[in-house]
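Here is a short report on a model with several chains. Look at the structure first, then read on.

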Amino acid sequence: MTLLELEGVTASYGPVQVLDGVSLRVPDNGAVGILGANGAGKTTTLRAISGTVRAGGRIVFDGKDIRGLRPDRVAALGIAHVPEGRGTLGDLTVRENLRVGAYLRKDAKGVAQDIDYCLDLFPNLQNRIRSNASALSGGEQQMLAVARAIMSKPRLLLLDEASLGLAPSTAKNVYDAIRRLRIESGIAMVVVEQNANLAFTLVDSATVLETGRNVLTGTSAELRGMDEIRRAYLGG
Amino acid sequence: MARVVEAPASSAASSFRRRPWVRRAGPLVLLVVLVALPLMLPEGANDTLARIGVFAVAVLGLNVVMGYTGQVSLGQIFFLGLGAYVTAYGVTNDWNIVLVFVLACLVPAVVGLVVALAAARLGGLAIAMVTIALPIVGVPLAKRLSDYTGGSQGLSARFTDAPEGTGLYDDQWQLYLVFLIGGTVFLLTRNLVRGRYGRAFAIVKGNENVASSMGISPYRYKVLAFTIASLIGGVSGFLYMVVVQYTSPETMSFGHSIELLVAMVIGGAASIVGSILGGAFYVVVPDLTNAIDPSLTALLQGALLLVVLFLLPGGLASLPRALTRGRRRSRAGRGPAAPPTTPSSTTGSGTAAEEPETERQGHA
Amino acid sequence: MDKFIQLVVDGLSTGSVYAALALAIVLVHQATGLINFAQGGLAVLAAYVAWWLTNQGVPLVLAILLSIVFSFALGALVERYLMRRFERGDPDTAVVVTIGLLTLITGVAGWLWTYNNQQFPSLFSLETVSLLGVSVSIRSIGTTLAIVVVMVLLQALFAGTKLGLALRAVAVNPQSAAFSGLPVGRLLMVGWGLAAALGAVAGALVAPQLTLTPGMLDNALVYALAAVILGGLTSPVGVVVAAWIIGVLENLAAVYVGFIGFDLKVAVPFILIFVVLIVRPQGLFGRKVVVRV
C-alpha cells in the first residue's frame with residue numbers, strides 16, 4: 001500500500017520556481033531518501049508535504065489529498081516534520097518539548113510511555129530532561145527534535161538534514177537511533193540528506209533531484225552502485 | 001473621476017522629472033513659487049501654509065529617527081514644545097533673537113541626547129516605550145515650572161511682526177521665515193539622509209547585527225539620529241513660536257505626539273516629500289474633522305492610519321510609485337489586479353486630505 | 001508612620017493595576033513579539049462596556065464579567081483581523097499599527113460616550129479597616145488581592161496546563177509548534193484574548209478611582225511600560241514586582257519629595273529607569289532587556 005504519493009508537485013518562492021514537477025512514492029513502513037545538490041529542491045519538497053510552502057500538483061497521504069492544508073492539519077493527520085535547523089523550542093525544557101510533541105494526543109498513559117521510549121532511544125536526553133532546549137548541544141537538539149516528532153505518534157516522519165552540523169560520530173548515533181526506531185515502530189520516512197552514505201544506511205530507495213525535478217529513482221542498492229551519479233550528486 | 005485623471009498625470013510627471021533640464025530648472029521654479037506665493041495668497045492661507053511648514057519640520061525630525069533609522073519615537077512633540085518654550089522664554093527676556101534660535105535648537109538636542117543615551121541602551125522597541133513618557137511627563141512638568149513656562153496659562157511672545165520698510169504683512173513675513181528656516185532644515189536633512197550617515201541609519205534600521213558586523217555601532221547611530229531628531233524638533237518649536245506666538249503645556253500633549261506619528265506614517269516614512277505631506281495632514285485634517293464633528297477626530301485619524309498601513313505602507317508619498325506599479329501590473333495582465341485597486345482606493349482619501357487645503361485657503 | 005503604611009498599601013493597589021496592564025503587555029509580547037500600545041485602550045473600552053451595562057441595570061459584578069468576556073473576544077478578533085498581517089514583519093510597523101488601534105479605540109470611546117468624565121461604581125467599599133493598627137482602605141486591599149489572584153491563575157495556566165504550554169510553544173517557534181499539530185493562529189488569538197481580558201480586569205478596578213474617560217489609562221500605560229522595561233520582558237514575576245515598586249515609590253515620592261508632588265509623580269518610574277539603566281542595564285529581573293533586535 002502506498003502511504004504518501006507526490007505527483008508533479010510544483011512550488012516557487014516568489015518568482016523563483018523551486019519545484020518543477022517532483023514525484024515521490026512512499027509505501028507503508030517504507031523509507032525513501034531525497035538526494036541532490038544544494039538548491040535542488042529537497043527541503044522544499046518536504047515543506048510542500050507539510051504545508052509550509054504553497055504547492056501545485058498532487059500530494060496524497062493515505063488516500064487523502066493534503067495539498068494546501070495548513071501545517072497543523074497535516075500534522076494532525078499523522079505527518080511529523082523534523083525541519084532543517086531542528087526547530088526545537090528553546091525556552092521550553094526537554095520534557096516540555098516532548099509534551100508539546102504530544103499535543104494532539106489524549107492518552108496520558110501512552111504519552112508517558114512514549115516519553116520513556118524516547119529517553120531510551122536517546123539516552124543523552126535523560127540527564128537533560130529539565131534543561132532548556134536551547135542549552136543542549138547540537139547533537140542533543142537534533143535528538144530532541146526527532147523525539148518531539150515521535151511523540152505525536154506519526155505514521156510518516158519527514159526528516160530534513162538530520163546530520164547537518166554534527167560531528168560524524170554524533171551524526172552516526174542519531175541515524176543509528178532513527179534506524180532502531182524504524183525497525184521497532186515501522187514509521188514510514190522521507191529522508192532528506194546531503195550525506196548519501198548516511199542516508200543509504202536508513203532508506204530502502206531514493207530519488208535524486210536536480211533543479212526541482214526527479215532525475216533518477218531507484219533502490220538504495222541500485223543507486224549506491226552508480227559511481228558517476230554518486231560523484232555528481234551525492235557528494236561521496 | 002479624479003482618479004482617472006490623476007493616474008496618468010503621475011506617471012507623466014515621473015518621466016517628466018527625469019529630463020535633465022527639468023532637474024536643473026525644478027529647484028529654480030520651486031524657489032520662485034515659494035517667493036511669490038506669500039505675496040499672492042490671502043492671510044488665512046498664508047497662516048495655514050506656515051503652520052504646515054512648522055509641523056512638516058517636526059515630522060521631518062521624527063522621520064530621521066523613525067523613518068530612516070527605524071526607532072519608533074513617541075516623544076517628538078516634546079521637543080517641539082521644548083523649543084517653543086525656550087523661544088518664548090528668551091523672547092520675553094529680550095535675549096538676542098539669534099541666541100534664542102541657537103538655544104531653541106541646542107536645548108532640545110541636549111535633552112534628546114541624554115534621553116537617547118539611556119533609551120538606546122535597551123534596544124528594539126524600548127525607545128518607543130521610554131519616549132512615550134516624554135509628553136506625559138512633559139505636560140505636568142511645564143505646568144510645574146510656572147516661573148519659566150507661565151504654568152497652565154502658557155507663554156505668549158510676539159517677535160515676528162514684519163519689519164518696517166519691507167512693506168510686508170505679518171503673515172507674509174512669518175511665512176517667509178518658515179520657508180527660509182524650514183527650507184534650510186529640509187535641505188540639510190536631505191543631504192544628511194542621502195549621505196554616509198543616511199546609509200548607516202538605513203543599515204541600522206535594516207538589521208542591527210549586520211550593522212555591527214560592518215563596524216557601524218547601532219547604539220551610536222541611534223543616539224545620533226535621536227539627537228538630530230530632537231534638534232529638528234527644537235527648530236520646529238522655534239518656528240511654532242514664529243507662527244503661533246503662543247505656547248502652553250497642551251502644545252506637547254500625548255495626543256499631539258500620537259497625531260504627529262500618525263501624520264508621519266500617512267505622509268510617508270523615510271521620505272522628504274512625505275514629511276511635507278505629513279505636516280499638511282497634521283494641520284489640515286483636524287481642521288476638517290473639527291468642522292464635521294470634533295468628537296470624530298481621533299476616530300478618523302486612527303482609522304485613516306490603519307487604512308494607510310494596510311493599503312499603502314509607504315504613505316501618501318509612495319502613492320505615485322504604487323500607482324505606476326499597479327498600472328504596469330494590470331497592463332501585464334497578471335492576475336485579478338488586486339493591488340492596483342488598493343492604491344487607487346486610497347487615492348480617494350489621499351486627495352481628500354490634500355485638496356481641501358487649497359479649498360481652505362480660498363475660504364480664509 | 002500610619003500615613004507611611006497607608007501610602008504603601010495604596011501604592012501596592014495602584015501598582016497592581018499597572019501590573020495587570022504590564023502582564024497583558026508581556027503576554028502579547030511573549031506570543032507575538034510585539035509591544036501592544038493599545039493594551040490600555042482596549043482596557044478602557046472594556047471599562048466603558050461594563051459601565052454601559054450597569055447603566056442598563058446589569059449588576060456590577062456581572063457587568064464586569066461580561067466586559068471581560070467582551071474583551072477576550074475583541075482581543076482575539078484584533079489579533080486575527082488586524083495584527084496577523086504585521087506579526088512576522090517589521091516590529092516597528094506593527095507597533096505603529098497598535099498605536100493606530102489606540103487612537104481608533106480612544107476615538108470610538110469618545111465618539112460613543114463623549115470625552116466627559118463618567119462615574120464608575122466601585123467593586124469595593126471605600127471604607128477603611130484597621131489592619132495591624134493602621135487604617136487602610138478596603139478598596140486598596142481588594143484591588144491588590146484581586147490582581148494577585150489573577151496573577152496566580154495566570155501563572156498556573158502557563159506552568160500547569162496544556163493550553164499554557166501550547167501558548168508558550170507558539171511564542172517560541174510558531175512553525176515548530178505547527179509541526180506538532182498546534183493550531184497556531186487560534187492560539188495567538190487566545191493569547192491576545194487573554195491579554196485583553198487581563199486589561200479589562202485592570203480597567204474595571206481602576207476606573208472608580210480615575211473616573212472613566214477615553215484617555216483614562218494613558219498614564220497607566222506609561223507606568224505599565226516602565227514596569228515592563230524594569231522587570232524585563234521575559235519575566236512576568238519581575239514585571240509585577242517592578243509595577244509594585246513603581247506604585248509604592250511614586251506614592252511615597254509624591255508626599256515626601258517636595259519637588260515631585262502629585263502632579264509629577266508620573267516622572268518617578270522614568271527616573272527609576274534611568275538609574276537602573278546606569279546601574280543594571282539588563283533590567284531588575286530579566287535575563288536581558290534586549291527587546292527584539
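Start where two chains meet. In this predicted model, 39 residues of chain B are in contact with 39 residues of chain C. Five helices of chain B each supply at least two residues to that side: α6 (126-131), α7 (133-144), α11 (208-213), α13 (254-267) and α15 (297-311). Which of them gives the most? It is α15(B), with 9 residues. By class, the side of chain B that touches chain C divides into 28 nonpolar, 7 polar and 4 charged residues.

Chain A also touches chain C. Here 22 residues of chain A are in contact with 16 residues of chain C. On the chain A side, α2 (71-76), β6 (79-82) and α3 (94-101) each supply at least two residues. This side of chain A has 10 nonpolar, 7 polar and 5 charged residues.

The table sets the two sides next to each other.

| Side | Residues in contact | Classes |
|---|---|---|
| Chain B, touching chain C | 39 residues of chain B with 39 residues of chain C | 28 nonpolar, 7 polar, 4 charged residues |
| Chain A, touching chain C | 22 residues of chain A with 16 residues of chain C | 10 nonpolar, 7 polar, 5 charged residues |

**Chain C**

Now turn to chain C. The UniProt annotation "transmembrane region", from an unreviewed entry, covers residues 6-27, 34-54, 60-82, 94-114, 145-167, 187-208, 220-247 and 253-279 of this chain. Two of these spans can be checked against the model. Residues 94-114 of chain C are 95% helix and 0% strand, and their end C-alpha atoms lie 29 Å apart. Residues 187-208 of chain C are 100% helix and 0% strand, with end C-alpha atoms 33 Å apart.

Which residues touch the most other members of the largest nonpolar core? They are C:Leu21, C:Ala22 and C:Ala227, in a core of 301 residues. Helix α8 (residues 184-210) of chain C gives the most to this core, with 17 residues. Take C:Ala22 as an example. Leaving out residues up to four places away in sequence, C:Ala22 touches C:Ala224, C:Ala227, C:Val228, C:Val239 and C:Ala243.

**Chain A**

Chain A has 10 helices and 10 strands. Its C-alpha trace spans about 45 × 35 × 35 Å along the principal axes. Why does its radius of gyration agree with a compact globule? A compact globule of 236 residues would have a value near 18 Å, and chain A has 17 Å, so the two agree. Buried residues make up 48% of the 236 residues in chain A. Contacts also reach across the sequence. Among those in chain A between residues at least 6 apart, 68% join residues at least 24 apart.

Next come the strands. Strands of a sheet pair through backbone hydrogen bonds, either parallel or antiparallel. In chain A, 4 strands form an open sheet in the order β2-β1-β4-β5, and the pairing is antiparallel. The edge strands are β2 (16-27) and β5 (64-65) of chain A, each of which pairs on one side only. Strand β4 (residues 55-61) of chain A pairs with β5(A) over 2 bridges. A:Phe61 has A:Lys64 in β5(A) as its bridge partner.

Strands β9 (residues 205-210) and β10 (residues 213-219) of chain A are antiparallel over 6 bridges. A:Ser205 has A:Thr219 in β10(A) as its bridge partner. What sits between β9(A) and β10(A) in this hairpin? There are 2 residues between the strands, and A:Thr211 takes a positive phi near 40°.

Technical notes. Residues numbered from 1 in each chain as written. Chains lettered and ligands numbered in written order. Predicted model: local features only at pLDDT ≥ 70, side-chain atom pairs only at ≥ 80, totals over all residues. Contact = placed C-beta atoms within 7 Å. Nonpolar A, V, L, I, M, F, W, Y, C, P; charged D, E, K, R; others polar. Pairing = 2+ DSSP bridges. Core = buried A, V, L, I, M, F, W, Y, C linked by C-beta atoms within 7 Å. Buried ≥ 20, exposed ≤ 12 C-beta atoms within 10 Å, placed from the backbone. UniProt positions renumbered as here; feature names shortened; annotations may be inferred. Rg over C-alpha atoms; globule rule 2.2 N^0.38 Å.
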